[in-house]
Structures are given as C-alpha cells and as structure tokens.
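Good morning, everyone. Please look at the screen.

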Amino acid sequence: MSLSSYLSPTRLLEGYLRRCLTAAGLTSQTLSIDSETTIHFWGPSSVDHSIDDRPVMLLLHGFGPSAMWQWRRQIQAFSPSVFRVYCPDLVFFGDSTTSSTNRSEVFQAECMAKLMEKLGIEKKFNVVGTSYGGFVAYHMAKMWPEKVEKVVIASSGINMRTCDSESLLQRSNCECIEKVMLPSTASELRTLMGLASSWRMLRMFPDALWNDFISNLYQKNRKEKVELLKGLTLGREEKLNIEPLSQGILIIWGDKDQIFPVKMAYELKEILGDKTKLEIIENTSHIPQIECAQEFNNVVLRFLKGSQ
C-alpha cells in the first residue's frame, strides 16, 4: 500500500464508518442472488427467524458513494434494538455487481427483492429509499405489495419529467446528467455537493480533498453507472408514469433541495394516494438523513412504529 493510501482522508473515514456499522451489530456480507448477480450488504451476522420478531428495515441508498456512506446515522439509531436492518449496495455500487446487461431501476428492485428472499425474509418488511434508492423502493412497493409493508421515500423525484431533468442541468450549469451525478473533477464534485447539501463549509474544502473523494468513491464502475443513469425508466417523458401505491407511504424532503425541488414533494403526495404522509425538514437540502439525522430518524420511527 502506498503512502498516499495511508494518508487518504476518504480511506480513513471509510474505516471509521465500518467500525460504526460493526458496533451497531451489522457485518459486511456478500451473497449471490442468482447466476449473474452478487450483492454486498450490511446486515445481522446470524438471525433465527423463528424467534426474532423485530420489524425488518431495508435501506436503499442514492446515487453516489456506497450504502454505508449514506445510512450510517440511521443504522446507529435503528440497529440492533429497534429494527432488523439490512443495508445493501445497489448493483454497481460498492461491491455489488452483475453480468446482466439490464440497467434499469426496475432491475435494481428485482435484485433487492431476490436478496430479501435469499436472506429468508418471509414476513413483510419496510423499505426506506433516498433519491435513486427511492426510485427502487417505489418499484418494490408497486411490484410486491404482499411483501412491502410501509415505504419511506426521501428526497426522491420519482414524479420527475424531462423538464425537471433539464432544469437540474440548468441549475448545475452542466450539459449532461452524468457530469452532475458522476463528477470527475474537483469543480464538478463541488457543484454536486453545493446542490445536494446546505452545509456551506463544504465549499471551503481544497481541491486535493475533493479529488481524493473522486478517486475513492466515484471511479469504480463508472461506465456502468453512466448506463444506470441512461437506463432509468422514470422521468423520460413529460407525461408521468407512476401510480398510487397500496401501502402506507411517508415522503421526507428538505425544503432547500436543489436536486429535486420541494414542489415535487407536494405533487408526489397527491399522486401516491390517500395513505401518503409528507414531512418537510427545514433548512436542509437533498440529504436530510445526513444533515438532520436526528429529526429524520424521529420522523421515520414515528411512521414505521405507529399506525396509519
């Protein structure tokens, strides 16, 4: 290992995150869900399904770094005493991979359903998805209503149209979506974080730190991730192609979100049906589960543990 690897802030922080998840009772695991696809996930090391009556929570991350970077505060809050938590890397993130040529978020939903089946999860489970993970959560709830109990969709514009994608490109001053979501330069990553976070201190980070993040978090499977962006089935037209869900749904949004503006949250609530609840977290942007973790966790806990 080179000296630069030892001194990498990203690698050091990654080590800290791993220790946090391990301390919360989860272990890093890998499982082949079929002949083509292998999923890496954080989950309980051993479970006796006959006596473990904790409700099950599936956390689905957004586009960007792997799952442990996006859900650390939720895992610490909910595992192991409140929920039995499973936190997978979606396909082509982290160490999850496939030889399939399918790149849609529907395929991601199918992979997550297969993972839960392989894990022996027979009772209904709750799905919490943020951003891109919200797209996957929506499809899981739509395709398997008998398996998915409640759904939390956070900062996820599943109701986006082509005009919303064009508006995002204008706000980011980029010519294509992959330059926004898959930054390859310090300047591009600084722009993305300016859109995704309301933390002004991030703007002060030097280029060397941004480049370290890019090298360690954004380079792996870059070609396949571009294909995932191009393979989205939602948001490809001006006409919406989503419909109400049968489950109880919680929508959480930051009022300063610049990836998916908060007006989309109000529209989404009307679309998804009468069982939908909307919570707006003030003074936060696209990553409320990180920026306002305690409030985010309290809202999720009240919804999942309470009655509709």
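Start with F41. Its relative accessibility is 2%, so F41 is buried; buried means under 20% relative accessible area, exposed over 50%, and partly exposed in between, with a 1.4 Å probe and protein chains only.

A word on the source. This is a predicted model, where local features need pLDDT of at least 70, side-chain atom pairs count only at pLDDT 80 or more, and totals for chains, interfaces and linings use all residues. Residues are numbered from 1 along each chain as its sequence is written, and side-chain values use heavy atoms, with hydrogens and water left out.

Now the rings. How many aromatic pairs does a search of the whole structure find? Nine. Rings of Phe, Tyr and Trp (its six-membered ring) pair if their centres lie within 6.5 Å; planes under 30 degrees apart are stacked, over 60 edge-to-face, and the rest tilted.

F41 pairs with Y86. The ring centres are 6.5 Å apart and the planes stand at 45 degrees, so this pair is tilted. F41 belongs to strand β2 (residues 37-44) and Y86 to strand β4 (residues 84-88), so the pair ties together parts 45 residues apart in sequence. Strands here are DSSP runs of E, at least two residues; helices are runs of H or I, at least four; both are numbered from the N terminus. Y86 is buried too, at 3% relative accessibility.

Next, W71 and F296. This aromatic pair is also tilted, with 6.4 Å from centre to centre and 45 degrees between the planes. W71 is in helix α3 (residues 67-78) and F296 in helix α13 (residues 293-305), so the pair ties together parts 225 residues apart in sequence. Buried or exposed? W71 is buried, at 0% relative accessibility. F296 is buried, at 1%.

Stay with α3. Its buried residues include W69, W71, I75 and F78.

Last, charges over rings. The cut-offs are NZ of Lys or CZ of Arg within 6 Å of the ring centre and within 35 degrees of the ring normal. K150 lies over the face of F303, 5.1 Å from the ring centre. The charged end of K305 sits over the ring of F83, at 5.8 Å from its centre.
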